[in-house]
Each structure stands twice: as C-alpha cells, then as structure tokens.
Amino acid sequence: VQLQASGGGLVQDGGSLRLSCAASRSNFAFMTMSWYRQCPGKQRELVAIITTDGITTYADSVKGRFTISRDNAKETMYLQMNSLKPEDTAVYYCRGTYSGMVYWGKGTLVTVSS
C-alpha cells in the first residue's frame, strides 16, 4: 500500500486549502483513513478520521473548519481546510489502517501566514 499526500502550500490567515491523499496497491474502500499533523516542535496529532462507512470524527481544534471525505472509486481521501489559522501550520500526513496494518504517507507542508 502506498499513500501520497498532496495539496499543501502557503496560505494567508483565513484562507482555504484542500489536501488529497491518493492510495495505490490498496484495498482503499476497506480502509479507515485519517489525517494527522505535526506542528513545529510538537508531537504528531490526529486531525480527522473517516471510516469505511463514512463516519467522521474531528479534533476539537478543527471542528467546524475542516471536512474530511473520501472517494472510493478514485481511491482518494480529502481534507478541506477552511478558515485556516497560523496555528494550523504543520506537516500533514495521511494514514490508512486495514486488517491490523497501518500505512503512512509522506507529509505535505501547510503554512498559514498571519
């Protein structure tokens, strides 16, 4: 299984970005997918999860601003990020779990300028 995150970049405070995570060689439709992030000087933290049934869960810090979604036909997961804040600056990682295995993609950097 390979996961590839993309869509990061530089955006101003209050702006929006959409991250994508493309899967290959995977059973994507059967995988619970999630986004994590690692802010400078901090540990990696969970941002949002989406189950195989489309049930979503968010960290309190992003509720109401971020939306996680998936397109099983395209084997891709998304993270729509609105009302971005400087504290959202981080490397964002996608993660997939299936049959007890955990897969990580390489991160994509999101920088929010004030």
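Visitor: Among contacts between residues at least 6 apart in sequence, what percentage join residues at least 24 apart?

Guide: Let us begin with the term: a contact means heavy atoms within 4.5 Å. In this protein, 53% of the contacts between residues at least 6 apart join residues at least 24 apart. Please keep in mind that this is a predicted model, where local features need pLDDT of at least 70, side-chain atom pairs count only at pLDDT 80 or more, and totals for chains, interfaces and linings use all residues. Residues are numbered from 1 along each chain as its sequence is written, and side-chain values use heavy atoms, with hydrogens and water left out.

Visitor: How many helices and strands does the protein have?

Guide: Both are DSSP runs numbered from the N terminus: helices are H or I with at least four residues, strands E with at least two. Here there are zero helices and 11 strands.

Visitor: What does the radius of gyration say about the protein?

Guide: The radius is taken over C-alpha atoms, and the globule rule is 2.2 Å times the number of residues to the power 0.38. For 114 residues, a compact globule would have a radius near 13 Å, and the protein agrees because its own value is 13 Å. The C-alpha trace spans about 40 × 25 × 20 Å along its principal axes.

Visitor: How many disulfides are there?

Guide: A disulfide is a pair of cysteine sulfur atoms within 2.5 Å. By this rule there is one disulfide. Cys21 is joined to Cys94, with 2.3 Å from S to S, and the link is right-handed, with 65° about the S-S bond. Cys21 belongs to strand β3 and Cys94 to strand β9 (residues 90-98), so the pair ties together parts that are 73 residues apart in sequence.

Visitor: Which residues does Ser20 touch?

Guide: Leaving out residues up to four places away in sequence, Ser20 touches Gln4, Ala5, Ser6, Trp35, Thr76, Met77 and Tyr78. Ser20 lies in strand β3 (residues 17-24), and it counts as buried because its relative accessibility is 18%.

Note on methods:
Buried means under 20% relative accessible area, exposed over 50%, partly exposed in between (1.4 Å probe, protein chains only).
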